[in-house]
Amino acid sequence: MSKLIQKSGYFKPHENHSSAYMKYIATRDGVEKVTERFADRPPSQKQQDLIRKILHDYPDAKELFEYEDYLAQPNVGNASDFISMALDSNWGEASSSQIYMQYISTRPRTEKHGGHGLFSDGDAVDLDAALETLAAHDGNVYTFILSLRREDAARLGYDNAAAWQSVLKEHRGDVAEALKIPDDELHWYAAFHNESHHPHIHMMAYGDDPKAGYLNTVGIHKMRSALTNTIFKQEMLNLYKQKSVSRDELVQSARSAMAQLVGEMQTGVCDNSEIAVQVSVLAEQLKTETGKMQYGYLKPRLKTMVDEIVDTLERIPSVEQCYQHWLELRAAVQNYYTGDAPEYIPLSHQKEFKQIRNMVIREALNVANGVLTFEDTEEPAPVPDELLPETPLPTDTAEADDPPPESGSSDGGVYVDWTDDYKAALEYLYGTDEIEPDFTAALTLMETEAENGNALAMHDMAKMYAGGLGCEADAAVAHAWYAKALSAFQACEAAKPWKYTEYRIGKLYAAGLGTEQDYALAAEWFSMAAAKRHRYAQYSLGGLYCRGNGVARSYEQAFRLYAESAVQGFPYASYELAKLYRDGIGTVPNAKSAAAHFENAFRGFVTLEKKSHDDKLQYRIGQMLLTGTGTEKDINLAAKYFEKSARLGNTYAQYQLAKLYLADETADEEKIQRAIRWLEESAEGENQFAQYTLGKLYRDADHMPLDERRAAELFAAAAEQGSEYAAYAIGKLYLGTETMEKNIPGALRWLGAAAGMGNQFAQYQLGKLYLTGEDVPKNVTKAVERFTASAEQGNQYAQYALGKLYLLGKDVPQDKETALRWLEQSAAQGNPYAQFFIDHANDYAAPPALLSATRLLHHLGNIFRDNSVPPGNAKGIRVDSKRRRKLHEMKVAAGHAEDEQDSEYTQIMSY
């Protein structure tokens, strides 16, 4: 096993050994060498006698690599290496002993004449000056020998003095801390001895203040930990990665154990019914106890009962296997630092798993008090429908392919006309195949045309100010321009009735642009234009009938109007007609007709987009390519259309493009950041889907730094626009998280809003709040109402909760028939707890105690998961796996390399 050996000692003041030691380590050229010819012979009697004396005088010499080699192969060569290293390790004492002094002084190549190998913080060390300073020091001088095996030193690059100097300079602060000497007062010197089998360094350290400095076991341990982390950094990282894989295996093993135990209960053969009996007995004992119900406060006999339950858990084969694996990993880490195999400790007394003891107590209290528990730790997050609402109306520029046959004007100087300047402004606004959009040039031309009285330009000025194209977005200025456009269209219509202006007036009323939204008035204007066979008006009026806006809803009328518009080649109408044929709304279902109209719509959209480069058209084409509607599915081409639309400010395209980028498993960091920028822009544009998605990224620290408060803001913005999922998400945050305190009024508000929109997850959460009565007054009636609403939508956890309620009959009248109905629905969705209660329906008084075994296994599985990396930081800081992942992802999001060592990794591995 690879490891670092560290031997520590010190010279006391006035011993006159420290200066000699410095000169020795600085000038020593090598150790006694044994010729290869005699190296493999058995050790001489003189060597054996000397080894026995060394072991008697310096018992810790047994920790040296050289002693391991000697025990493995007791020969002349290994004996010589061990004697040399043992005496080096205890030079101060050995030099004052006659027998050792004689050995040291008569060794060949004791000194290196003409130079030295001493190094420190600086580039070069003046040996004479260092010796003089050391001789004048009137305090302790601390010595260290750091040794590696030759193969480790060569593999890791520590077979030279420069590498050791670098690592010691890096950890100067750790040395100072270990010796309790201020960093700026520390002096250290070292020399590298490149032995054939075990290269090592000798190091000396002392402080300015003779009274400063103190070295104990903790200090030695910390120093060795710091150096080991650096020297074995890559190997430790590999071991850490191995543990990450092991964590997943441990979690899966724990889950498999639970599933196996539940299966045994279902057949009536439960090897661990012992746990249920033990929990029941403990529950009875706790009923008469007073005081704090935590392990540390229990009486000794009750602690023993808790320990026995945990020991029984450990005997479950899968748990025993998990624990054994954990112990092996812990031993692998500890061996880097101490070289000792850790002593086996029962699970009930393993400090990293001590929380299971309090969980045992809580389970027993639940049984004693008849508390209804919720086995919903794996409750999935709700997944919203990702299909976005389709933009219902074509944009004005889409009509550029069909300009009015005549211009409209009034005596007031306003007019409607596709002038050359207006067409040029449109080209700058939307771009062409030859030129990119130029919003600044478009705004200049459009403003001149609008000031001249062109109602079309007035309308487009409003759009540019609304979207911030070529200018700062300004809703007030946009509204003013829309109002001017409406007035101009009405003036032209009054001067000369015309189906085109009637249609444009109807659009402004329908959208509430420049005026109050008035669907009824919009329907009147659309009807006038539609009667004159204006295809855009027919399509728009069909939309009002389809939605029942301003007119009585009539799918038949909508179908007729869409068909009349589609016949005239309007692709938007073909698209809506295809949906009606597909769904059989307003007509009989006809898949063939639906497919034909979708194809017509797609071809028409592509043709329109080439002429107008309109963002809504680009978005619609992208959606059809993405879903394969009316054309072959082509995600890459869809992304190109989304990107063109996104650049024009279309918030739906921005959102969809971001989703595509984030879903791309091959996306690099630059692409991910582009996706986030599109999401942010879409969210700023009030797109509730983007707000919700961006909120999830902040909440889950997914490509983003963890920021649950920012997530709550985004969820609230989306919820205000009617997103039930966002309302549920913010409600869950307000129930309390790692970084957010509980806000029960806020939780009730948003969970209530989501439940009111029919969100089954919010209904279930509210049911739990009202039933437990921990954060709100207990209200069983409200709880049952919420559970029922959720269960009727198929929520298996609500079904399970109702089944338990009615089966146990604690808070509601017992109703076995109703209980089984709900439990069977939940079990049909794979809920093992529901199946458990079905199998034990006739002995309903026993299930809570029996279920506690399964719950404890679940708790234990979580502990194994969160402690899959054995502890080891000197500061005693433990970071759970979820938090560790979030912190690492935050660092990556902030620009650190993906494989950069986390500081918390160092803490965890600093055993």
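This is a short tour of a predicted model, moving from the whole chain to one helix and then to several salt bridges.

Numbering starts from 1 along each chain as its sequence is written. Local features need pLDDT of at least 70 and side-chain atom pairs 80 or more, while totals for chains, interfaces and linings use all residues, and side-chain values use heavy atoms, without hydrogens and water.

Select the protein chain. Colouring by secondary structure shows 43 helices and seven strands (DSSP runs, H or I of at least four residues for helices and E of at least two for strands, numbered from the N terminus). Of its 911 residues, 52% count as buried (under 20% relative accessible area; exposed is over 50%, partly exposed in between; 1.4 Å probe, protein chains only).

Next, select helix α10, residues 161–170, whose buried residues are A163, W164, Q165, V167 and L168. Their cover includes β3 (141–147), α11 (172–179) and α12 (217–231), where contact means heavy atoms within 4.5 Å. At the N-terminal end of α10, show N160: one of its side-chain oxygens lies 3.2 Å from the backbone nitrogen of A162, capping the helix.

Now turn to the salt bridges (a side-chain nitrogen of Lys or Arg within 4 Å of a carboxyl oxygen of Asp or Glu); the whole structure has 19. Select R301 and E289, paired at 3.3 Å, N to O. R301 lies in helix α15 and E289 in the loop between α14 and α15, so the bridge ties together parts 12 residues apart in sequence. R301 is partly exposed at 42%, whereas E289 is buried at 15%.

Move to α26 (571–583), where E576 and K579 lie three residues apart and form a salt bridge at 3.3 Å. Finally, select D121, R172 and D183, which a salt-bridge network links.

How values were computed. A polar contact is a pair of N or O atoms within 3.5 Å; within protein, one must be able to donate a hydrogen and the other to accept it, and residues adjacent in sequence count only if both atoms are side-chain atoms.
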